[in-house]
Amino acid sequence: MIGDMTSTATAPDLSPAPGTDADATPARGRPNGVRLDQVARSFDIAQGRHDVLRGLDVELGSGEIVAVVGPSGCGKSTLLRLIAGLDRPSSGVIRIGGTALTGTDPRTAVAFQEPRLLPWRTLEKNVALGLPRGTGRTEGRERVRHLLQLVGLEHAAELRPREVSGGMAQRASLARALARSPEVLLLDEPFGALDALTRLRMQDLLLEIHAAEPTTILVVTHDVEEALYLADRVLLLRSLREEGPEARSLARVVDVPGTRPRDRADHTLAELRVHLLEGLGVTTHQTTTASTTSTTSTTTEFPS
Ligand SMILES: Nc1ncnc2c1ncn2[C@@H]1O[C@H](COP(=O)(O)OP(=O)(O)OP(=O)(O)O)[C@@H](O)[C@H]1O
Ligand SMILES: [Mg+2]
């Protein structure tokens, strides 16, 4: 699950995307938001051009948690890699805190489904890998100790990855991603490899961490319930494969009502779950009223 700090990865040499305007207004007027303007990504393949993402206009407010759901292959990981600065849009602009991205950004950390810890290092030393370059020894030790405590691993600091459970390894990876106090945390199916109970615990842990160290979070998930439990907003992407050349990637935006921590049994969340599943093409035996009758949630539809 939670894995690499891509901000430590070797970044491709990325020049600004067409239309880059470094002096643009910060997202939602707040300092560390993320803003995408008309972002598109296509790949040249043997059969021609494969349009994966198109016409994406999205804002993540500073400190907001936004979940991304959508069918397999619709471009969720591609979107995450673009915001991480590991890839660049074919057109459009991505800004963090008002500055156009030109590559990886030290304010951003990203983590994937697999923990990707270094097997020969203790958990403590794996977490320390995420510290910003130039961190002093004492300061670094304190930060790592604090993070291990935050993810409930203070007792396991000296253990190596093969000596811990999958959930513990993921918690260590999360701590590593948090080590530089990222302003933007990008998570690609962070709990996908975990058993159901550990997954629920990790969701709560992520929310505790967010409460303790507020950061803007974009989380990709296949689990609609997870999206609704974690996020302030859920973005539903559509696959462009079956769509015409004018179709845009964003199909729906659901504003999740209420404040966290949420009640997993909340009636409105159950309605929204059905509504999102329906948007994913999954037939349920419940009828959805969330989009029409709920007084507390808002869904914005984007026709293709
Ligand atoms: N470097 C690349 N070159 C060519 N095609 C690519 C490249 N990266 C991604 N794609 C294609 O883009 C599409 C979207 O891939 P992506 O990994 O973003 O999907 P996803 O929504 O994350 O899917 P999943 O839910 O299965 O993880 C896929 O068809 C994939 O083959
Ligand atoms: Mg993916």
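Helices (H or I, at least four residues) and strands (E, at least two) are DSSP runs, numbered from the N terminus. This is a predicted model, where local features need pLDDT of at least 70 and side-chain atom pairs count only at pLDDT 80 or more, while totals for chains, interfaces and linings use all residues. Residues are numbered from 1 along each chain as its sequence is written, and chains are lettered from A and ligands numbered from 1 in the order in which they are written.

**Stop 1: a cis peptide.** Select Arg260 and Pro261, which are joined by a cis peptide bond with omega about 0°. Pro261 sits in the loop between strand E10 (250-255) and helix H7 (267-279). For context, most residues other than glycine have a negative phi, and most peptide bonds are trans.

**Stop 2: two positive phi values.** Go to Arg116, a non-glycine residue with phi near 50°, in the loop between strand E6 (108-111) and helix H2 (123-128). Is Arg116 buried or partly exposed? A residue is buried if 20 or more other C-beta atoms (placed from the backbone) lie within 10 Å of its own, exposed if 12 or fewer, and partly exposed in between. Arg116 has 17 C-beta neighbours inside 10 Å, so it counts as partly exposed.

Now jump to Glu189, where phi is near 45°, again positive in a non-glycine residue. Glu189 is in the loop between strand E7 (184-188) and helix H5 (196-212), and it is buried, with 21 other C-beta atoms within 10 Å.

**Stop 3: strand E7.** Step back to E7: five of its five residues are buried, so the strand is largely enclosed by the rest of the structure. Colour Val184, Leu186 and Asp188 for one face, then Leu185 and Leu187 for the other; both faces are covered. Strands pair if DSSP finds at least two bridges between them. E6 and E7 pair in the parallel sense over four bridges, with Thr108 opposite Val184. Five bridges join E7 to strand E8 (residues 216-220), also running parallel, and here Leu186 stands opposite Leu218.

**Stop 4: around the ligand.** Show ligand 1 and its shell, meaning residues whose C-beta atom, placed from the backbone, lies within 6 Å of it. Among them are Phe43, His50, Lys76 and Thr78. Strand E1 (34-45), strand E2 (48-60) and helix H1 (76-83) each give two or more residues to this shell, and H1 gives the largest share, three residues.
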